[in-house]
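This briefing is meant for a reader meeting the model for the first time. Please keep the sequence and the structure in view while reading the points below.

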Amino acid sequence: MLDFNHAKDSYRSAIEGSVAFTGTDHAFFIAEKGKMILDLARRRFAGRKLKLLDVGCGHGFVHPMLLDAGHEVTGVEIAEEVLEMAAKTNPAARYLPYDGQVLPAPDASFDMVMVMCVVHHVPVPQWGNFLKELRRVLRPDGVIVIFEHNPINPVVNYLFHYGFGGMDKGATMIGRRKLERLLSKTGCSGIQSGYIFFTSFGSRFFRWLDRVLAWLPLGAQYMTLAGK
């Protein structure tokens, strides 16, 4: 598995190089995920200001959007050098080191737990425990939000194995159904998923089209929600 401390300065450029063929950049995908998270927060929590936990937060690229919306953001990350970079960029957020086993947070302490393309970096035998930890720190009325690559999409499959600057070497993609089954085994409820990023165009029409096609298992990624 890649040491993300070693890739801390090249991470974004590696992603940019791999997605350049789509005609957009890494910032587009980050912004769209941020919009999805904020929309979910508005719909599910009626505009309440939330305590958000971003597990495997990396550089915290999405955090400015969440902070600007008034939410309290905590990021946890295994790569401590990357964590330091995130903290310098987003001083209004809180960042904590994470050992990859036990989340550094008390039980039932967050309204929303976000995991953005991280599960595939977790060793397969640890998937169950990883998901249990997400549920442990979630409040009773909270929601887990997981974004993952869609292994059914052939372009994504190719990029996963041969692109992204080798950042996914040794990683294992997890399909939507497998993730849903594992979440169910942890005791999660209200599990639902939708496919995302059928296109990389930012216009209102194409973002609407993405929502309409959420049932079709060909999106580049998928988003899974689960409650406690």
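A residue is called buried when its relative accessible area is under 20%, exposed when it is over 50%, and partly exposed in between, as found with a 1.4 Å probe and protein chains only. The model is predicted, so local features need pLDDT of at least 70 and side-chain atom pairs count only at pLDDT 80 or more, while totals for chains, interfaces and linings use all residues. Residues are numbered from 1 along each chain as its sequence is written, and side-chain values use heavy atoms, with hydrogens and water left out.

**Overall build**

- The protein chain has eight helices and seven strands, where helices (H or I, at least four residues) and strands (E, at least two) are DSSP runs numbered from the N terminus.
- Of the 228 residues in the protein chain, 50% are buried.
- The chain exposes about 10,800 Å², of which carbon and sulfur atoms supply 58%; such accessible areas come from the Shrake-Rupley method with a 1.4 Å probe, and for residues only the protein chains shown count as cover.
- Contact means heavy atoms within 4.5 Å, and among contacts between residues at least 6 apart in sequence, 69% join residues at least 24 apart.

**Helix α2**

- Helix α2, residues 26-45, has 20 residues and reaches 28 Å from its first C-alpha to its last, close to the 28 Å expected at 1.5 Å a residue; the expected span is 1.5 Å times one less than the number of residues.
- Just after α2, Ala-46 takes a positive phi of about 55°.

**Aromatic rings**

- The structure holds five aromatic pairs, a pair being rings of Phe, Tyr or Trp (its six-membered ring) with centres within 6.5 Å, counted as stacked when the planes are under 30 degrees apart, edge-to-face when over 60 and tilted for the rest.
- The rings of Phe-28 and Phe-29 have their centres 5.2 Å apart and their planes at 80°, so this pair is edge-to-face, and both residues are buried.
- The rings of Phe-205 and Trp-208 have their centres 5.8 Å apart and their planes at 35°, so this pair is tilted.
- Phe-205 and Trp-208 are separated by about one helical turn because they are three residues apart in helix α8, residues 204-212.
- Phe-205 is partly exposed, with a relative accessible area of 47%, and Trp-208 counts as partly exposed at 44%.
- Phe-28, Phe-29 and Phe-197 form one aromatic cluster.
- The charged end of Lys-51 sits over the ring of Phe-110, 5.5 Å from its centre; this term requires NZ of Lys or CZ of Arg within 6 Å of the ring centre and within 35 degrees of the ring normal.

**Two residues and their surroundings**

- Gln-192 lies in strand β6, residues 189-196, and counts as partly exposed at 47% relative accessibility.
- Leaving aside neighbours within four places in sequence, Gln-192 is in contact with Glu-180, Met-223, Thr-224 and Leu-225.
- Val-118, found in the loop between β4 (110-116) and α5 (127-136), is buried, with a relative accessible area of 14%.
- Not counting residues up to four places away in sequence, Val-118 touches Val-55, Gly-56, Phe-130, Phe-147 and Glu-148.

**Cysteines**

- With a disulfide taken as a pair of cysteine sulfur atoms within 2.5 Å, the count comes to zero.
- Cys-57 counts as buried at 9% relative accessibility, and Cys-188 counts as buried at 8%.
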